[in-house]
Amino acid sequence: MSAPRFAVVTGAANGIGRATALRLADDGCDLAIVDVEAEPLAEVAAGIEAKGRRCLTLVADCLDPAAIAEAALQIEQTGPVDVLFNNVGQSGRERASEFWNSDPEVWRFVIEISLMSTLRWSRRIVPGMRARRSGRIINMSTESAFYGDTGLADYAAAKMGVVGFTRSLARELAPFHVTVNAVAPGAIRTRAHDRLPKETIDKVRNSVPMGFVGEPQDVAHVVSFLASEGARYITGQTILIDGGRWMI
Ligand SMILES: NC(=O)c1ccc[n+]([C@@H]2O[C@H](COP(=O)([O-])OP(=O)(O)OC[C@H]3O[C@@H](n4cnc5c(N)ncnc54)[C@H](O)[C@@H]3O)[C@@H](O)[C@H]2O)c1
């Protein structure tokens, strides 16, 4: 029997990160899970352990480079990382606005959490993968980066940055058999989605050719595949998971 793989998931306490951490545990991975929200993170850890997998639980703010460095150190001391899912990220949410009226401080926040954290985590984990000539990195983008969304120009810019980063890093690491891909979900039912007014949710659903809003598991299944041996010849790609709204 082969040794369990070790996977890191950022933003693992809720939504897509949570579903993916649990899915990777089902796949036989041990996990390191990172989030700022301690309580739901502990619940995810319990769920992973209930599946018979080991879990390193790290409460850390991915906006803080020192916190990332400290968490990465603890991860390195636990074992070599096979899979990194750079999931953490967000729009300015209630502070989001049309660009003509936007605040550079909000851009800075959105770019830090959605792009810089991906670079920082990758910078920590890549050297080990490169040296071992093995690894899977999956980065979180969004359909909004392709489609364009009113009021989310900073978010779209950061998440398209994730796509460019994914492609460049994929080329650098291809000779070392480390693959780097991205996922770009459309409308997925997470807590941010649940806070939207019913009319907005109806409008979103009606714009999806498949006629329904996705679940976090719809993303988790794709990440699970990209993290698997079966995906060894796929790198530099961004997989849209949006019920057919944007086709490339
Ligand atoms: N839900 C969607 O429709 C959708 C669509 C496309 C892309 N995405 C992307 O998917 C990712 C996950 O989003 P979600 O919808 O699951 O959100 P969510 O709010 O349900 O979960 C995000 C998690 O990240 C954590 N987090 C936030 N800031 C953090 C920080 N500074 N340090 C550590 N942890 C932090 C939160 O505590 C939370 O547990 C994000 O990058 C988001 O941009 C979501």
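**Helix pairs and a bend**

Visitor: How does H3 pass H4, in a left-handed or right-handed crossing?

Guide: H3 passes H4 in a right-handed crossing, where the near helix is turned clockwise from the far one by less than a right angle. Helices here are DSSP runs of H or I with at least four residues, numbered from the N terminus. By the way, this is a predicted model: local features need pLDDT of at least 70, side-chain atom pairs count only at pLDDT 80 or more, and totals for chains, interfaces and linings use all residues. Residues are numbered from 1 along each chain as its sequence is written.

Visitor: OK, at what angle do H3 and H4 cross?

Guide: The axes of H3 (residues 65-78) and H4 cross at roughly 25° and come within 9 Å. (Axes are lines fitted to C-alpha atoms over the stretch in contact, with angles from 0 to 180 degrees between N-to-C directions.) That makes H3 roughly parallel to H4, a label for angles under 35 degrees.

Visitor: Which residues meet there?

Guide: From H3, Pro65, Ile68, Ala69, Ala72 and Glu76 meet Arg120, Trp121, Arg124, Ile125 and Gly128 in H4. Being in contact means C-beta atoms, placed from the backbone, within 7 Å. This contact of H3 with H4 has six nonpolar, one polar and three charged residues. (Ala, Val, Leu, Ile, Met, Phe, Trp, Tyr, Cys and Pro count as nonpolar, Asp, Glu, Lys and Arg as charged, and the others, Gly among them, as polar.)

Visitor: Switching to H4 itself, how many residues has it got?

Guide: H4 (residues 104-132) has 29 residues. From first C-alpha to last it reaches 40 Å, close to the expected 42 Å, which is 1.5 Å times one less than the number of residues.

Visitor: Where does H4 bend?

Guide: At glutamate 112, by about 40°. That's the angle between axes fitted to the seven residues ending there and the seven starting there. Just after H4, arginine 133 has a positive phi of about 55°.

Visitor: And how far apart are the axes of H4 and H6?

Guide: They're 9 Å apart, and H4 packs with H6 (residues 153-173) at about 15°. H4 and H6 are therefore roughly parallel to each other. Their contact includes Trp107 and Leu115 of H4 and Tyr155 and Phe165 of H6. By class, it has twelve nonpolar, four polar and three charged residues.

Visitor: What about H1 and H2, at what angle do they cross?

Guide: At roughly 15°, with the axes of H1 (residues 15-26) and H2 (residues 38-50) coming within 9 Å. The crossing of H1 and H2 is right-handed.

Methods. Helix = DSSP H or I, 4+ residues; strand = E, 2+ residues; numbered from the N terminus. Parallel < 35°, antiparallel > 145°, perpendicular 65-115°, else oblique. Contact = placed C-beta atoms within 7 Å.
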